[in-house]
Amino acid sequence: MTHQRWTSRSIGSRLQHGIFYLLIRTLGRRPAYVLLFFVVLWYTLRPMTRARSAPYLARRFPKTGRLQRLRHCFLLNWNFGLTLIDRAASGILGQFSITASQDDGQTLKTLLSEGRGLILLTGHFGCWQTSSTGLDGIETPVHVLMHRAPDDIDRQHFEHAGTDAPFRIIDPCGYLGGSLEMLDALTKGHILGIMGDRTFGNDRNTVSVPFLGGSVRLPFSAYRLASVTGAPILVFFSSRIGPGQARHEIARIIRVPRGLGRSRENYIPYARQFALALEEMVKANPYQFFNFYDMWEN
């Protein structure tokens, strides 16, 4: 078991979020960055806020002093706030750009041309919340596994724009965890987006793999779906590289053999591949990993 369960409950109030949205709408993104500095400073000084990022920072920056830990916490919160402002500005102002190499774009098209669907596997890293805007030129329908708690007041970029979601949402808390809907999407050759670093339900749906010097439990549903359907898994991450700018990078292409069955031990090697890819990104960009809970096992 992990030390605590993840929750999607927003830290700020609806009014606080609304102030940022109004500022972006009337004055633009950069004044919102200025206000963000003071908000992040205030939250970083609160012990409860620091506790949420402490498990990750202790493993990413071991043997650091108190002031250094405070600095790391501020920079992590600061970068998280920047991505939230960029997400809001994407919908409110229509200002957000994503770059990717031509080779990565061709790889995506080649995998889709196999006709067995495609699993896009990513994590809570960088600009993951606006990464779907990079699929605007793809005609293939997109489905995303997403759960939103009733007390989650964060708005998605398309909600700010007042438009429909550019993808169909599959709720992992629905019937059979949405497995039938995910299977149907892949058999039709569609794209399925899944977060590979977040668990829902109980630990029976997870496997234990190494990550940042410890063991974490990651879901194996993506790899089991790939084994059933033959769909390739494309592991990608969206790094924030500037104001309203992100870069998509393909980190791995995982091929899971057909017919591995129900035993979760069969899927450990593929979960390890994802964990290794995520660890490489986290080591290169330590302030862009936004999983604010203790994901490590006792």
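Helix α4 is followed by Gly 94, whose phi is positive, near 70°; helices (H or I, at least four residues) and strands (E, at least two) are DSSP runs, numbered from the N terminus. The 27 residues of α4 (residues 66-92) should span 39 Å at 1.5 Å a residue, and the end C-alpha atoms are 39 Å apart, which agrees, where the expected span is 1.5 Å times one less than the number of residues.

This is a predicted model, in which local features need pLDDT of at least 70 and side-chain atom pairs count only at pLDDT 80 or more, while totals for chains, interfaces and linings use all residues. Residues are numbered from 1 along each chain as its sequence is written, and side-chain values use heavy atoms, with hydrogens and water left out.

Arg 240 lies in strand β8 (residues 233-242) and is buried, with a relative accessible area of 15%, since buried means under 20% (1.4 Å probe, protein chains only). The side chain of Arg 240 takes part in the polar contacts tabulated here, a polar contact being a pair of N or O atoms within 3.5 Å, of which, within protein, one must be able to donate a hydrogen and the other to accept it, and residues adjacent in sequence count only if both atoms are side-chain atoms.

| Side-chain pair | Polar contact |
|---|---|
| Arg 240 and Tyr 33 | 3.2 Å |
| Arg 240 and Asp 86 | 2.7 Å |

Leaving aside neighbours within four places in sequence, Arg 240 is in contact (heavy atoms within 4.5 Å) with residues including Leu 82, Gly 126 and Gln 288.

Note on methods:
Buried means under 20% relative accessible area, exposed over 50%, partly exposed in between (1.4 Å probe, protein chains only).
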